[in-house]
Structures are given as C-alpha cells and as structure tokens.
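Here is a short briefing on a protein structure. Please keep the sequence and the model open while you read.

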Number of protein chains: 4
Amino acid sequence: MEPSALSPVMDVEALEAFLARDFPQLHADGRHYRVVRVKPGTVTMRLSPEDRHLRPGGTVSGPTLFTLADVGAYLAILAHIGPSALTVTTNLTINFMHKAAPGPLEGMARLLKLGKRLAVVETTITDAEGRLIAHATGTYSIPPDRHDAVK
Amino acid sequence: MEPSALSPVMDVEALEAFLARDFPQLHADGRHYRVVRVKPGTVTMRLSPEDRHLRPGGTVSGPTLFTLADVGAYLAILAHIGPSALTVTTNLTINFMHKAAPGPLEGMARLLKLGKRLAVVETTITDAEGRLIAHATGTYSIPPDRHDAVK
Amino acid sequence: MEPSALSPVMDVEALEAFLARDFPQLHADGRHYRVVRVKPGTVTMRLSPEDRHLRPGGTVSGPTLFTLADVGAYLAILAHIGPSALTVTTNLTINFMHKAAPGPLEGMARLLKLGKRLAVVETTITDAEGRLIAHATGTYSIPPDRHDAVK
Amino acid sequence: MEPSALSPVMDVEALEAFLARDFPQLHADGRHYRVVRVKPGTVTMRLSPEDRHLRPGGTVSGPTLFTLADVGAYLAILAHIGPSALTVTTNLTINFMHKAAPGPLEGMARLLKLGKRLAVVETTITDAEGRLIAHATGTYSIPPDRHDAVK
C-alpha cells in the first residue's frame with residue numbers, strides 16, 4: 001500500500017484502549033505517554049517527562065526518547081492495520097539533535113512504507129517550541145495473521 | 001586511541017557508584033541494571049527484567065533493550081575516560097534478532113573507536129543460553145572538558 | 001543554527017563546479033549525478049542510472065542509491081557552509097523501500113541539524129512517479145576550519 | 001538457524017562465478033572487489049581501490065566502503081543459502097571510524113541472524129595494518145523461493 005492511500009482504522013481512543021489493555025507496562029509509572037492525534041499515515045504521541053525520564057545533565061534521556069519514537073511508530077502501524085499486538089520492531093535508528101529540557105515533547109510517527117510483512121516508519125520528536133529534538137527511522141515486522149491481539 | 005591500547009580507569013564499583021550518584025533515574029524502579037565486568041575496551045551489564053520491562057507477547061521490550069545497549073555503551077566510554085557525565089549519545093542503531101523471554105540478559109559494550117570528541121561503541125545483547133537477542137551500534141559525543149561530573 | 005534560519009551560500013552552478021574540481025571521481029563514468037535544485041535547507045540531485053548502476057534483478061543497486069543519498073547530504077551541508085571538502089560522513093543509515101526500475105531518480109537532502117562540528121541530514125529518494133524508493137539519515141563531521149577546499 | 005550451526009554451501013569460486021554471471025555491474029570498471037575467504041558464518045572480500053574509489057582528501061570514499069560492506073553481507077547470506085540473487089538489502093547502517101588511505105581493504109561479513117525471510121549481517125572493514133576503517137550492520141530480505149538465480 002502506498003502511504004498516500006492510507007486510511008486509519010483505529011482512532012485516538014481505540015489506540016489508548018489498546019495500550020491500556022495490551023501494553024500496561026508503558027503506563028507502569030503513570031500515563032506519561034499519550035496518543036494525541038491520528039491522521040492518514042501518521043500518529044502523534046505526547047510525552048510529559050518527569051524526573052525519572054531525565055539523564056545526567058537534567059535533559060530527557062535517550063531511552064525515554066527511544067520509547068516515544070518506538071511506541072509512536074508501533075501505533076502508527078496498528079492505527080492502519082488494526083490491533084496486531086505481535087508486530088515487532090526489527091530495527092531502529094535514532095539521531096539525537098538537541099538536548100530536551102524537561103517539558104512536553106511530541107513524537108509524530110509517519111508511515112514511509114506499509115507492506116504486508118514489513119513497515120518502515122519515521123518519527124520526528126519536537127519540543128514545545130517546535131525544535132527538532134530527535135529523529136528516528138524504524139522497520140517493523142508484521143505477523144502473517146494480523147488478528148493476533150493478546151487476550 | 002586505538003581500541004587495542006585501551007586501559008580502563010574505572011572499575012565495576014566506580015561505575016556503579018557513578019550510576020548511583022549521577023544517574024539515579026536508571027534505578028528509579030529498583031536496581032535492574034548492574035555492571036558486571038570491565039575489561040580493556042569493554043563493559044558488560046546485566047539486566048534482570050521484571051514485568052514492567054515486557055511488551056505485548058510477554059517478551060522483553062525494545063525500549064528496555066535500548067536502555068541496556070545505550071547505558072552499557074555510555075559506561076564503556078566512561079570506564080576509559082573517567083566520569084564524564086555529559087558525554088551524550090549522538091545516534092544509535094539497534095537490531096532486534098530474537099525475542100527475549102523474561103530472564104537475565106547481558107549486554108557487552110565494546111569500544112570500536114575512542115576519539116577525542118567522538119566514540120563508536122557496539123553492544124551485543126545475549127540471553128542466558130548465549131543466544132543473540134539484539135545488536136546495537138552507537139556514536140557518542142564527548143565534551144571538550146571531560147572532568148564535568150555532575151555535582 | 002536552526003534549519004529554519006538556513007540560507008544557502010552556494011547555488012547549483014557552484015556545487016556542480018565544486019564536484020567537477022574536487023570530486024572528479026563521482027563523474028569517472030560520465031555525469032550521472034547532477035545537482036538540480038538548491039533551496040534553504042535542501043539540495044536535490046538527480047541520478048540517471050545506466051546499466052552499471054543496476055543489481056541482479058535489473059533494479060538500481062544499493063550502492064548507487066547510497067551514493068545519491070550521501071553525495072546529496074554532503075552537498076546540502078556545503079551549500080550552506082561553503083566548499084568544505086573535508087567534511088566527512090560519520091555514519092549513515094539507509095532504508096530501501098521499493099525497488100527502483102531503471103529511470104531517473106531524485107534525491108532530496110534536507111538538513112535536520114547544522115551545528116558547528118556536526119550536521120544531520122535526511123535524504124529522500126523518489127522515482128519519476130513520486131514513489132519513495134529509499135530514505136537515509138546521515139551524520140557528518142565538519143572540520144574546525146571550513147575553508148579547506150582541496151586545491 | 002543459529003549462526004553457530006552455519007555451514008556454507010558455496011565456496012570462494014562459486015561466489016566469484018555468481019558475481020561474474022549475475023552481478024557483472026560490480027566489475028564494470030575492473031575486478032576491484034574479490035572474494036577471499038568463506039568460513040562458517042562469514043565471507044571476507046578484498047577491495048583494491050583505484051583513483052575512482054577516492055573522495056576529496058584522497059581517502060577511500062563512503063560509497064566504495066558501503067559497496068564493500070553491502071556486497072560482502074549479500075554474499076555471506078548467499079554462501080549459506082545458495083545463489084538467491086533476489087535477496088535484497090532492507091536497510092544498512094554504516095559507521096566510518098578512520099579515513100582509509102589508498103591501499104587494500106578487507107571487509108569481513110558475519111551473519112548475526114539467518115532466518116527464513118530475514119538475515120542480519122555485520123561487516124567489519126579493516127586496512128592492511130588491521131585498523132578498523134568502517135563497521136556496518138545490514139538487514140536483508142530473503143525471497144520465499146530461494147532458487148531464483150537470474151537466468
């Protein structure tokens with residue numbers, strides 16, 4: 001499927017419900033990661049970092065930014081194919097552009113390719129001033145049977 | 001410096017003390033990440049995953065593996081240049097090879113290059129059976145003044 | 001410098017002249033790679049592949065697409081800082097999305113970050129129908145003295 | 001298949017014959033890339049760079065090193081599954097560690113994972129003094145029918 005022909009099948013509420021049911025670990029410390037927008041080809045998440053998300057120097061840590069990029073990309077795929085929990089990251093490259101002071105960050109995940117068994121997703125993370133904090137590109141493996149939501 | 005001429009200046013205890021003092025966020029949920037070995041050019045960490053480190057399907061999550069790779073690489077650099085807390089990840093690529101069932105994982109970070117301002121580190125994550133779970137390569141920017149430990 | 005404030009200091013002709021003088025190897029087999037557009041923050045190149053640029057199966061080869069991405073990114077930096085030939089690629093990640101049938105391809109390189117010593121550039125490669133063929137993200141090291149054009 | 005259980009099914013001569021027949025473009029300018037060793041899990045290639053392989057500053061160019069890494073990884077897969085020409089690179093990350101002066105380089109490609117439809121390969125490029133020049137990690141998609149050698 002070409003990204004230009006993409007049409008979401010899950011909305012913000014459906015994605016949030018999926019996370020709450022199938023990925024409760026993401027919210028183990030509170031609901032810091034939220035889905036804020038779903039559009040054709042994209043899903044945007046918002047992170048409200050707390051102290052636990054910081055690294056030495058007081059900026060948002062790499063693992064926190066990775067989580068935002070990876071979960072956003074995962075949801076961008078699921079938003080377009082349905083709740084296929086067993087879709088997994090094959091690999092991910094993340095570039096850190098600017099240190100992020102504590103404060104809300106948005107990660108917009110955009111499908112570059114959505115094939116039958118492989119998807120490629122780009123995630124752009126920006127701060128409240130619109131500065132580019134990090135940029136990630138990930139590939140995801142989609143299981144043959146997409147109707148595999150964890151019960 | 002060529003990796004073959006590397007000689008650590010911090011040992012397991014010094015790295016653990018650095019984490020406890022300068023990076024308490026890593027242990028916010030308990031001490032799941034531990035330094036287990038320091039050798040010329042390498043640092044090995046061990047992760048004992050709990051439920052919070054899992055993803056849908058019950059395997060260890062990508063962000064957890066990223067954390068093990070990134071923190072291990074960061075400590076491999078610090079072990080050889082001293083406690084330069086402001087060394088930061090510039091970028092990181094991680095490939096996920098096999099799903100990791102819950103259980104201890106080891107991440108061995110190995111310096112591929114340790115320059116004055118840039119380091120390249122490869123991290124190999126294996127499970128207790130020696131299976132390759134993930135492989136990461138990261139580049140790290142080293143600040144001009146290395147004696148910058150956060151007070 | 002924020003990408004939004006970028007202003008090119010070299011135009012298409014200046015970049016082509018730079019390539020002809022300092023990077024003649026690129027044209028060793030003929031002028032297959034051409035600069036077609038320079039805008040604030042971006043440089044677009046066009047590749048007209050010949051048989052030598054193909055791989056088994058008759059599609060454009062990975063190394064050819066890498067060259068388009070890497071040279072485009074390099075020129076996007078030079079277009080904004082001047083002819084600093086010794087700017088070098090630190091690392092590059094490329095994702096191949098669709099096979100490219102023989103035919104012209106465009107690579108648009110866009111600066112994500114242009115720091116004093118490090119730049120991050122994203123390159124998007126599309127075919128004549130606008131299909132996304134490949135996507136690359138590279139980091140580049142900029143030498144302290146930018147006025148280092150090879151004589 | 002675990003890399004530890006790998007056993008090559010093509011030797012140096014068979015890989016060279018495959019390149020000559022199915023990938024003549026690699027030798028369009030002469031036989032600069034040669035297969036020198038095949039072992040369980042690895043293939044080593046040697047590059048003898050000429051002027052056309054250099055970049056501004058007189059060192060071996062990024063695209064040349066990418067080619068060595070990518071073709072080496074491709075052949076490491078084929079050496080273990082047979083001449084499946086349509087195996088394609090899905091993505092590749094390459095880190096450039098040291099500038100390579102003109103002179104022979106070796107690229108050792110090592111299988112990190114060889115699955116039924118996806119392989120992950122690491123390539124290490126060294127110069128004659130054993131210095132690490134570049135390091136790459138690539139993922140490759142293997143077509144369902146491996147007996148697809150281009151006729």
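Two residues are in contact if their C-beta atoms, placed from the backbone, lie within 7 Å. By that rule, 28 residues of chain B touch 28 residues of chain A. Strand 3 of chain B gives the largest share of its side, nine residues.

This is a predicted model: local features need pLDDT of at least 70, side-chain atom pairs count only at pLDDT 80 or more, and totals for chains, interfaces and linings use all residues. Residues are numbered from 1 along each chain as its sequence is written, while chains are lettered from A and ligands numbered from 1 in the order in which they are written.

**Chain A**
- Chain A has two helices and six strands (DSSP runs numbered from the N terminus: helices are H or I, at least four residues; strands are E, at least two).
- From the N terminus, their order is α-β-β-α-β-β-β-β.
- The C-alpha trace spans about 45 × 30 × 25 Å along its principal axes.

- The side of chain B that touches chain A has 13 nonpolar residues (Ala, Val, Leu, Ile, Met, Phe, Trp, Tyr, Cys and Pro), 10 polar (the others, Gly among them) and five charged (Asp, Glu, Lys and Arg).
- Strand 3 (residues 88-96) of chain A runs antiparallel to strand 3 of chain B, joined by five bridges.
- Asn91(A) has Asn95(B) as its bridge partner.

**Helix 2 of chain C**
- Helix 2 (residues 62-81) of chain C has 20 residues.
- Gly82(C) follows helix 2 of chain C, with a positive phi near 95°.

Conventions:
Expected span 1.5 Å × (residues − 1). Pairing = 2+ DSSP bridges.
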